[in-house]
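Visitor: I have a structure to go through. Can you put it up and take my questions as they come?

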Amino acid sequence: HKGGGGGVGVSLTALAELPVKDKFVMAQDDSWYTLTLELQVPIDTLMLQSDVPVDLQEVDKTLAVISYTPPDPENNNYLLATFRCNDTKRMEVRVRSIEGQYGSLLVYVTPQVDPKCCKVLSYTIKPLSLHRRTHSFDESIPCNKLKVTGSFSLAEAHSWVRFCLPDVPERPPAEDSVTLQFISTFIDTQLECTYKKGEAVFSSDNLSTISVLKEVLSKEATQRKIAIRTKYEIDQESVPHMLRLIYPKLEQQLMLAKNVQLIESLQELKLHEQDTSFLSPQCQHILENADKMQEDFKQQPCLIERFYALITDLFVDRANFMGQNVKQRVPDLLKAMDNCDLDSLLDFFKN
């Protein structure tokens with residue numbers, strides 16, 4: 001079976017009479033991929049398996065109950081989740097990948113039919129999967145560049161771009177040079193890819209995006225036995241620019257986590273106190289919006305860890321481009337992030 005998101009499924013039994021409608025698309029406003037599956041009969045179970053780390057959003061318990069098997073990274077098994085469905089023919093599951101890590105998401109669909117059978121769908125997780133196509137590029141923003149040269153054709157350069165990024169057509173345009181622009185749906189950074197026969201230039205305000213491209217393109221060229229040369233230009237101003245982009249999102253999520261931790265204590269206090277007017281405006285606000293805060297927090301699992309990882313990757317990637325090893329400084333960086341102070345973070349990177 002051919003998966004709607006560019007995936008290819010393998011039939012374990014003859015299921016020609018049991019079609020599965022499927023889609024795997026990214027929401028442009030929140031960087032989550034929505035996997036939609038629809039059958040003509042009720043779904044018994046869904047099992048999701050991934051060979052790269054992905055976040056999984058909770059689903060409505062009236063539709064399905066989720067159980068997780070502990071990850072087994074040594075065997076490339078980072079996610080194994082089973083959905084026991086409650087008499088539904090349609091399921092939506094939302095997943096979010098981590099850029100720089102790429103592989104496949106396998107989905108095992110078992111319908112309520114006899115004899116028991118299963119259909120397997122496969123979806124590709126691309127190295128820069130949280131980017132989407134756009135048609136603008138702000139030249140005024142600090143920008144890092146990666147230039148790749150070698151004996152490759154325009155079609156080969158196009159295939160590398162398509163391997164790394166979503167929304168890229170299978171065939172390149174009938175032109176001598178191609179320019180494609182992208183924006184990160186996760187942190188709003190930008191990327192421009194310009195390529196022709198023998199040369200490809202990638203420009204981004206996110207140094208980690210350049211690092212991912214350098215690593216993936218080198219690996220792909222080696223596998224295809226194509227000799228390439230890479231040259232890069234690092235704009236040091238892109239680092240504080242990136243921190244200023246990430247920090248407000250991290251601060252907002254840390255504040256939400258702090259408020260959610262207070263909800264249970266405040267609700268217990270409210271049960272024992274008829275008059276809660278003595279509470280601070282902030283505590284009153286938490287009580288009034290408790291349900292929404294808990295739902296918002298539940299819908300963004302691991303988000304704080306993802307922002308911490310972005311900042312850590314930025315720190316390590318910059319050092320790698322400068323020929324430095326800073327892994328021993330990472331624990332100090334984590335402490336600086338815990339303080340949740342932008343000036344402290346900027347100073348840490350500067351020093």
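**Contacts, rings and cores**

Guide: Among contacts in the protein (contact means heavy atoms within 4.5 Å) between residues at least 6 apart in sequence, 69% join residues at least 24 apart. This is a predicted model, in which local features need pLDDT of at least 70 and side-chain atom pairs count only at pLDDT 80 or more, while totals for chains, interfaces and linings use all residues. Residues are numbered from 1 along each chain as its sequence is written, and side-chain values use heavy atoms, with hydrogens and water left out.

Visitor: How many helices and strands are there in the protein?

Guide: The protein has 8 helices and 14 strands. These are DSSP runs numbered from the N terminus: helices are H or I with at least four residues, strands are E with at least two.

Visitor: What box do the C-alpha atoms fill, and what percentage of the residues is buried?

Guide: Along the principal axes, the box is roughly 75 × 65 × 40 Å. Of the 351 residues, 48% are buried. Buried means under 20% relative accessible area, exposed over 50%, and partly exposed in between, with a 1.4 Å probe and protein chains only.

Visitor: On to aromatics. How many pairs?

Guide: Rings of Phe, Tyr and Trp (its six-membered ring) pair if their centres lie within 6.5 Å; planes under 30 degrees apart are stacked, over 60 edge-to-face, and the rest tilted. That rule gives 8 aromatic pairs. In one of them, the ring centres of Phe24 and Tyr123 are 4.9 Å apart and the planes are at 40 degrees, so this pair is tilted.

Visitor: Where do Phe24 and Tyr123 lie?

Guide: Phe24 is in strand β2 (residues 21–26) and Tyr123 in strand β8 (residues 119–125), so the pair ties together parts 99 residues apart in sequence. Phe24 counts as buried at 8% relative accessibility, and Tyr123 counts as buried at 0%.

Visitor: What about Phe315 and Phe349, how are those rings set?

Guide: Their centres are 5.3 Å apart and their planes at 75 degrees, so the pair is edge-to-face. Phe315 belongs to helix α6 (residues 303–321) and Phe349 to helix α8 (residues 342–350), which links distant parts of the chain, 34 residues apart. Both Phe315 and Phe349 are buried.

Visitor: Which residues do ring pairs link into a cluster?

Guide: Phe24, Tyr33 and Tyr123.

Visitor: Back to α6. Is it enclosed or exposed?

Guide: Helix α6 is largely enclosed by the rest of the structure, because 15 of its 19 residues are buried. From first C-alpha to last, α6 reaches 27 Å, close to the 27 Å expected. The expected span is 1.5 Å times one less than the number of residues. After α6 comes Gly323, with a positive phi near 75 degrees.

Visitor: Which residues touch the most other members in the largest nonpolar core?

Guide: Phe83, Val107 and Phe202, in a core of 85 residues. Helix α6 gives the most to this core, with 10 residues. A nonpolar core is a set of buried Ala, Val, Leu, Ile, Met, Phe, Trp, Tyr and Cys residues joined through side-chain atoms within 4.5 Å. Another core lies apart from it, with 10 residues, including Leu256, Val260, Leu287 and Met293.

Visitor: What is Val107 in contact with?

Guide: Leaving aside neighbours within four places in sequence, the contacts of Val107 include Leu35, Met47, Val120 and Tyr123.

Visitor: How does β8 pair with β7?

Guide: Strand β7 (residues 103–111) and β8 are antiparallel, over 7 bridges. Strands pair if DSSP finds at least two bridges between them. Tyr108 stands opposite Val120 in β8. Since 6 of its 7 residues are buried, β8 is largely enclosed by the rest of the structure.

Visitor: Last one. Is Asn75 buried or exposed?

Guide: Asn75 counts as exposed, at 56% relative accessibility. Asn75 is in the loop between β5 (64–68) and β6 (79–97). From Asn75 to Ser277 is 56 Å in space, C-alpha to C-alpha, and 202 residues in sequence.
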